[in-house]
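Subject: Structure handover

Hello,

Here is the structure I said I would pass on. Please open it alongside this message, as the notes below refer to it.

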Amino acid sequence: MAMQGKSSPWMISCFLLAVFLLAWHFFTLRPAFEPRGMSEEQLKMLEFNGDIVRTSEGGYAWNPEKEKVKGVPGPLMVFDKARTELAEAFVKKGTNDHGIAYLVAYTVSRFAAGFLAASVVAIMLGVLLGLNKALFQAVNPFIQILKPISPLAWMPLLLYTVKDPKWTAVLVVFMAAVWPTLATTAFGVSSLRKDYLHVAAILQLTWFKRLYKVILPGAAPTIVNGLRISFGSALVAVVPAEMLLGELGVGYLSWIEWNNLDIAGVIFAILVVGVVGVILDSGFNKLAGFVTYQE
Amino acid sequence: MAFLQIDHMTKFFPSHSGGDPVCIFKDVTIKIEKGEFVTTIGHSGCGKSTLLNIIAGLESPSEGGVILNGREAAGPGLDRMVVFQNFALMPWMTVFDNIRLAVRAAYPDWDRERIAAHVHKYIALVGLKGAETKRPTALSGGMKQRVGLARAFAIEPKVLLLDEPFAQIDALTRGVIQEELIQMWNTSRNTVFMVTHDVDEAILLSDRILLMTNGPGARIAENVMVTIPRPRARVTIIEHPHYYKIRNHIIHFLVEHVTHEEETGVSNNGSEKKYPRVVDFEQETLARQ
């Protein structure tokens with residue numbers, strides 16, 4: 001009991017993971033093929049259909065190829081799939097069959113391009129709106145209408161106008177990331193404490209210095225909160241954008257494995273998306289730590 | 001013409017209910033000579049902070065204006081630096097950077113070393129040596145306002161505007177910083193305009209104390225001369241025969257003359273209401289002898 005009271009969250013996490021994996025393993029476990037009670041005719045038919053194969057000992061077993069699409073694959077199959085995929089992470093087998101490392105790189109670069117462009121645009125516009133109350137009130141209704149639109153809803157229009165799936169995917173990420181940052185930046189700048197602006201006014205700081213020394217650092221904690229929301233929504237948007245556009249990436253991997261009827265591959269792709277998200281997120285938090293301050 | 005003159009100034013605020021604008025103060029004229037330390041006392045909401053903000057150029061008057069050194073001073077400028085009630089230090093900058101921001105703005109043609117030396121000089125002056133790299137969050141209220149004072153004195157403004165500078169500092173520290181302020185002012189001899197509602201603080205620091213009636217339509221009713229010779233210290237000032245006379249006079253004023261209307265009826269009968277009554281206990285004593 002004393003041990004339990006002191007058990008670290010890490011241990012609980014590991015325990016939960018073990019319980020989950022075991023449950024997954026046992027729920028997806030299928031009994032071995034049982035030829036008893038079947039006629040020679042039936043067995044031949046099953047073998048002909050590819051449901052079962054002859055083993056080296058002369059008996060029969062389920063066909064492992066067909067097993068992949070029967071039911072939900074267990075953790076061992078996913079682990080197997082992950083091992084083979086990771087083993088050829090840097091291999092390009094064909095135009096549409098790139099290793100997992102390439103796919104991650106494509107997704108991350110697409111995400112980064114869209115997110116960075118959206119952040120720059122949103123922060124610049126947000127500062128402008130935050131400093132000009134009338135303009136903010138005038139533009140706010142449009143932001144409110146545009147904000148809840150799913151970025152994927154833009155895709156057909158974007159694809160039609162830019163006529164290039166590569167740029168469309170980036171623009172979908174852009175659309176997902178631009179609104180939260182824009183809204184929170186405008187709010188953060190407009191609610192900046194008047195004292196700071198008063199000091200800047202008395203010191204006769206130039207417009208540029210006022211922006212870089214006072215307004216941006218002062219609104220930084222709020223801006224970072226907006227960026228964090230944008231970050232999440234951009235990460236959510238990049239996966240379906242790749243699926244729908246057929247652009248190589250981890251989202252595409254999930255879809256192509258589904259097309260291959262490789263469910264273990266789908267699960268592997270989902271895990272890759274999660275891992276990529278966690279790594280990007282922790283990087284973002286590190287950056288955010290530099291610009292926030294305590295009041 | 002006085003060095004700093006607030007000339008027939010009136011300020012209206014738009015009323016919350018959408019009716020006629022509310023008059024905060026009316027036809028205020030204040031003349032301050034170079035090197036003078038003048039304090040305005042009044043109840044909260046009488047418009048004394050608004051008055052200070054207008055002198056600083058952070059708000060604009062509805063009528064009248066500010067004349068500094070023979071020129072109209074409209075809009076903020078480095079010649080009128082404010083020490084804010086809630087310090088107004090940038091929390092994302094260190095103590096050093098907060099002061100350096102001001103020094104760089106005031107002396108744009110100085111080089112790095114000269115600016116740094118100047119900043120260090122003023123940090124030492126307020127006794128914050130060793131705290132240069134700290135951020136305001138890590139400082140106590142008293143230390144924060146020391147930074148605020150260092151920042152204000154460091155740019156050597158023509159006029160120093162103190163907006164209830166010690167209101168948010170605990171009583172024990174307040175006295176210490178008040179004396180530090182006296183010492184700094186003794187060497188710099190800036191012209192100072194302070195607003196406060198602390199009577200003891202006003203007497204300790206000021207040459208003259210202006211008493212403001214309550215708003216709406218507040219005005220400067222009295223001009224009390226602090227007839228206690230400098231140098232003053234907190235311990236010895238209370239022994240001066242005029243100290244309690246001045247103190248009681250001000251407190252009576254604050255208690256009795258709550259509104260402009262009452263005030264007109266009670267004390268200043270027959271006298272010209274437009275100009276503040278001068279209260280000078282030195283003259284009074286001489287007259288009696």
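This is a predicted model: local features need pLDDT of at least 70, side-chain atom pairs count only at pLDDT 80 or more; totals for chains, interfaces and linings use all residues.

Chain A, two residues and a helix pair

A:Leu171 sits in helix H9 of chain A. Setting aside residues up to four places away in sequence, A:Leu171 touches A:Gly114, A:Leu158 and A:Val162.

A:Thr28 belongs to helix H2 (residues 9–28) of chain A. With 15 other C-beta atoms within 10 Å, A:Thr28 is partly exposed. Apart from neighbours within four places in sequence, A:Thr28 is in contact with A:Gly71, A:Val72, A:Pro73 and A:Gly74. A:Pro73 is 45 residues from A:Thr28 in sequence, yet the C-alpha atoms of the two are 6.3 Å apart.

Where the chains meet

The contact between the chains takes 15 residues from chain A and 17 residues from chain B. On the chain A side, helix H10 (194–202) and helix H11 (207–245) each supply at least two residues. H10(A) gives the largest share of that side, six residues.

Chain B, helices around H4

Helix H4 (residues 141–154) of chain B has two helix partners to look at. With helix H2 (residues 95–106) of chain B, the axes come within 9 Å and cross at roughly 25 degrees. That angle makes H2(B) roughly parallel to H4(B). The crossing of H2(B) and H4(B) is right-handed. H2(B) contributes B:Val95, B:Asn98, B:Ile99, B:Ala102 and B:Val103 to the contact, and H4(B) contributes B:Val147, B:Ala150, B:Arg151 and B:Ala154.

With helix H3 (residues 112–125) of chain B, the axes again come within 9 Å, and the crossing is at roughly 135 degrees. H3(B) is therefore oblique to H4(B). This crossing too is right-handed. B:His118, B:Val119, B:Tyr122, B:Ile123 and B:Leu125 of H3(B) meet B:Ala150, B:Phe153 and B:Ala154 of H4(B).

Chain B, helix H8

Helix H8 (residues 241–256) of chain B has 16 residues, which at 1.5 Å a residue should span 22 Å; the end C-alpha atoms are 23 Å apart, in agreement. Which residues of H8(B) are buried? They are B:His242, B:Tyr243, B:Ile246, B:Ile250 and B:Phe253. Viewed down the axis of H8(B), the buried residues fall within an arc of 115 degrees, so they line one face of the helix. On the other side, B:Pro241, B:Asn248, B:His252, B:Val255 and B:Glu256 are exposed. The cover over the buried residues of H8(B) includes strands E3 (37–41), E9 (208–212) and E10 (220–225) of chain B, together with helices H6 (199–205), H7 (234–237) and H10 (281–288) of chain B.

Regards

Conventions
Residues are numbered from 1 along each chain as its sequence is written. Chains are lettered from A and ligands numbered from 1 in the order in which they are written. Helices (H or I, at least four residues) and strands (E, at least two) are DSSP runs, numbered from the N terminus. The expected span of a helix is 1.5 Å times one less than its number of residues. A residue is buried if 20 or more other C-beta atoms lie within 10 Å of its own, exposed if 12 or fewer, and partly exposed in between; C-beta atoms are placed from the backbone. The arc is that of the directions from the helix axis to the C-beta atoms. Two residues are in contact if their C-beta atoms, placed from the backbone, lie within 7 Å. Axes are lines fitted to C-alpha atoms, for helices over the stretch in contact, and angles run from 0 to 180 degrees between N-to-C directions. Angles under 35 degrees count as roughly parallel, over 145 as roughly antiparallel, 65 to 115 as roughly perpendicular and the rest as oblique. A crossing is left-handed if the near helix is turned anticlockwise from the far one by less than a right angle, and right-handed if clockwise.
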